[in-house]
Amino acid sequence: MNIKKPASKSNQRRENVLQAAAKLFGQMGFDGTSFSIVAEQAGEQKTFVQYHFDNKEVLWKEAVAYVWRQRNNALPRYIEDISLQRKNSADKSEMIRDLCRRILQFTFDNPEWVKIMFQESSMPGPRLDWLVEEFLGTDFIEGRAMIELAQHRGLLPKVDSMDLLHILSGALIYLVNVAPITERILGVEPSSKEYMEHHIDTLMRILN
């Protein structure tokens, strides 16, 4: 039996730095984030951050990679599940609901992944090129494949798969991005399980 060894104290401190950096890059952007602010947020000395990361670009790339790993771990591989034959139509519907539910929950818990993506998309440059090469290109390919397979299995309407990917992604991520506005205007908490279920139910009705 393999016993997983606990992470070393240094590795845990390094992960804390990456987590703090990801949040700050999402909130303040690349230019607004510094080693000093990251170190303070992580409860570390600036020298510790400088020792583990040669420069801010290296820190940004590793923080982004950390966030994407967290996202991939939080979202199961649905292509394999969708490829299975389902006899019960309710089961089919629940698969899409569950995927939407997991995406929403992860994004509410980790909004920095979409904030970083939108920030870099608004100012195209080398960092966006790197994002596309390392993560976003694969995200689009896998997302489209998942949509097309779901369409083939009768889980989603047969429209342009990339359009549908954009519509579904937008419907979920937009709710997270405007959550503070929604809460102030409507007096509801969009991150609550009740409201997320309501939102997903409305989305499922539109798709059906």
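From the N terminus onward, the elements of the chain follow the order α-α-α-α-α-α-α-α-α-α-α. The secondary structure therefore amounts to 11 helices and 0 strands, where helices (H or I, at least four residues) and strands (E, at least two) are DSSP runs numbered from the N terminus. The model is a predicted one, in which local features need pLDDT of at least 70 and side-chain atom pairs count only at pLDDT 80 or more, while totals for chains, interfaces and linings use all residues. Residues are numbered from 1 along each chain as its sequence is written, and side-chain values use heavy atoms, with hydrogens and water left out.

Of the 208 residues of the chain, 39% count as buried. Buried means under 20% relative accessible area, exposed means over 50%, and partly exposed covers the range in between, with a 1.4 Å probe and protein chains only.

Helix 8 (residues 126-152) takes part in two helix pairings described here. In one of them, its axis and that of helix 7 (residues 112-122) come within 9 Å and cross at roughly 135°. That angle makes helix 7 oblique to helix 8. The crossing of helix 7 past helix 8 is left-handed. In the other pairing, helix 4 (residues 56-74) packs with helix 8 at an angle of about 15°, the axes being 11 Å apart. Helix 4 is therefore roughly parallel to helix 8, and helix 4 passes helix 8 in a right-handed crossing. Axes here are lines fitted to C-alpha atoms, for helices over the stretch in contact, and angles run from 0 to 180 degrees between N-to-C directions. Angles under 35 degrees count as roughly parallel, over 145 as roughly antiparallel, 65 to 115 as roughly perpendicular, and the rest as oblique. A crossing is left-handed if the near helix is turned anticlockwise from the far one by less than a right angle, and right-handed if clockwise.

The pairing of helix 4 with helix 8 also has a side-chain link. Arg-71 and Asp-139 meet through their side chains in a salt bridge, at 2.8 Å from N to O. Because Arg-71 lies in helix 4 and Asp-139 in helix 8, the pair ties together parts that are 68 residues apart in sequence. Both partners lie below the cut-off for burial: Arg-71 is buried, with a relative accessible area of 9%, and Asp-139 counts as buried at 18% relative accessibility. A salt bridge is defined as a side-chain nitrogen of Lys or Arg within 4 Å of a carboxyl oxygen of Asp or Glu, and a search of the whole structure finds 12 of them.

Asp-201 forms one with Arg-97, with 3.0 Å between the closest N and O atoms. Since Asp-201 belongs to helix 11 (residues 193-207) and Arg-97 to helix 6 (residues 89-109), this pair ties together parts that are 104 residues apart in sequence. Arg-97 is buried, with a relative accessible area of 17%, whereas Asp-201 counts as partly exposed at 25% relative accessibility. The side chain of Asp-201 also meets that of Arg-205 in a salt bridge (3.1 Å, N to O). These two residues, 4 residues apart in helix 11, are separated by about one helical turn. Arg-205 is exposed, with a relative accessible area of 64%.

The C-alpha atoms of Met-204 and Leu-156 are separated by 9.4 Å, although the two residues are 48 residues apart along the chain. Thr-33 has a relative accessibility of 1% and counts as buried. Its C-alpha atom is separated by 8.0 Å from that of Ala-21, 12 residues apart along the chain.

Leu-186 is placed in helix 10 (residues 179-186), and at 56% relative accessibility Leu-186 counts as exposed.
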